[in-house]
Amino acid sequence: MTERAAPPATEATTRAAMVRPDSDLSLPEGDELVVTTDDGSALAVTVAGPAEGVGPTIVMPHCWTGSRAVWVPVARRLLATGHRVVLY
């Protein structure tokens, strides 16, 4: 069996893990989409949770240098209460 090194952490996931070192920053299960903007940019999007949740759909965009992973701890709490979340 060959051992592989863990992939290098990005700056955004490292920052998010510093907030709560024991947190799992893997994206929640959901639909993985690529949305192309009018100017041709490709946005990686995760849509998770029930189509008709208990409240409004929560859209969680990351900052310029971040990634969807910065929202994972919050998204998990929202999903646990029945909300639908969109991470990008």
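**Close-ups of a predicted model: sheet, hairpin, helix and loop**

**View 1. The open sheet.** Four strands make up an open sheet, running in the order β1-β2-β4-β3 with mixed pairing. Because β1 and β3 sit at the edges with a single partner strand each, one side of each has no neighbour in the sheet. On average, neighbouring strands here are turned by 25° against each other, direction ignored; the axes behind that angle are lines fitted to C-alpha atoms, for helices over the stretch in contact, and angles run from 0 to 180 degrees between N-to-C directions. Strands (E, at least two residues) and helices (H or I, at least four) are DSSP runs numbered from the N terminus, and two strands count as paired if DSSP finds at least two bridges between them.

Residues are numbered from 1 along each chain as its sequence is written, and side-chain values use heavy atoms, with hydrogens and water left out.

View 2. Asp-31 has Val-47 in β2 as its bridge partner, and Thr-36 has Ala-42 in β2. The hairpin leaves 5 residues between the strands, and Gly-40 in the turn has a positive phi of about 95°.

View 3. Val-72, Ala-75 and Leu-78 of α2 (residues 72-80) are buried, meaning under 20% relative accessible area, with exposed being over 50% and partly exposed in between (1.4 Å probe, protein chains only). Down the axis of α2, the buried residues fall within an arc of 120°, so they line one face of the helix; the arc is that of the directions from the helix axis to the C-beta atoms. They pack against β3 (58-60) and β4 (85-87). On the face turned away from the buried side you'll find exposed Arg-77 and Ala-80.

View 4. Gly-82 follows α2 and has a positive phi, near 95°. His-83 lies in the loop between α2 and β4, and is buried at a relative accessible area of 16%. Leaving aside neighbours within four places in sequence, His-83 is in contact (heavy atoms within 4.5 Å) with residues including Ala-48, Pro-50, Val-54, Ile-58 and Leu-78.

Notes:
This is a predicted model: local features need pLDDT of at least 70, side-chain atom pairs count only at pLDDT 80 or more; totals for chains, interfaces and linings use all residues.
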